[in-house]
Amino acid sequence: MEPKRYRIVVRGQLSERFAEAFDGMVFESDARVTALEGELTDQAMLQGLLGRLGSLGLDLVSVTELP
């Protein structure tokens with residue numbers, strides 16, 4: 001399986017300290033949401049990242065596979 005790029009949006013504004021938990025992802029925040037964008041190698045990596053977001057109590061807004 002080839003790596004794919006994803007944009008994952010969560011509710012709220014994440015601080016820089018969260019960057020370590022999501023190594024390799026680029027953060028983009030505004031007052032309401034934070035978008036994480038980056039390349040994931042497979043579905044297991046995507047599920048792991050989504051699990052980390054959930055364990056931090058973050059509300060998932062969307063997951064989009066990018067071209």
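Student: Where in the chain is confidence lowest, and where is it highest?
Tutor: Lowest in E2, at a mean of 90, and highest in E4, at 97. Confidence here is pLDDT, the predictor's value for each residue, from 0 to 100. Strands (E, at least two residues) and helices (H or I, at least four) are DSSP runs, numbered from the N terminus. This is a predicted model: local features need pLDDT of at least 70, side-chain atom pairs count only at pLDDT 80 or more, and totals for chains, interfaces and linings use all residues. Residues are numbered from 1 along each chain as its sequence is written, and side-chain values use heavy atoms, with hydrogens and water left out.

Student: What is the strand order in the sheet?
Tutor: E2-E3-E1-E4, an open sheet of four strands with antiparallel pairing. Pairing requires at least two DSSP bridges between two strands.

Student: Which strands stand at the edges?
Tutor: E2 (26–29) and E4 (60–66). Each has a single partner strand, so one side of each lacks a neighbour in the sheet.

Student: How many bridges join E1 and E3?
Tutor: Eight, in the antiparallel sense. Arg5 stands opposite Glu39 in E3.

Student: Switching to the core. Which residues touch the most other members?
Tutor: Ile8, Phe22, Met25, Leu49 and Leu53, in the largest nonpolar core, which has 13 residues. Such a core is a set of buried (under 20% relative accessible area, 1.4 Å probe, protein chains only) Ala, Val, Leu, Ile, Met, Phe, Trp, Tyr and Cys residues joined through side-chain atoms within 4.5 Å.

Student: And what does Leu53 contact, leaving aside neighbours within four places in sequence?
Tutor: Ile8, Val10, Phe22 and Leu58. Contact means heavy atoms within 4.5 Å.

Key:
Buried < 20%, exposed > 50% of the residue type's maximum accessible area, 1.4 Å probe, protein only.
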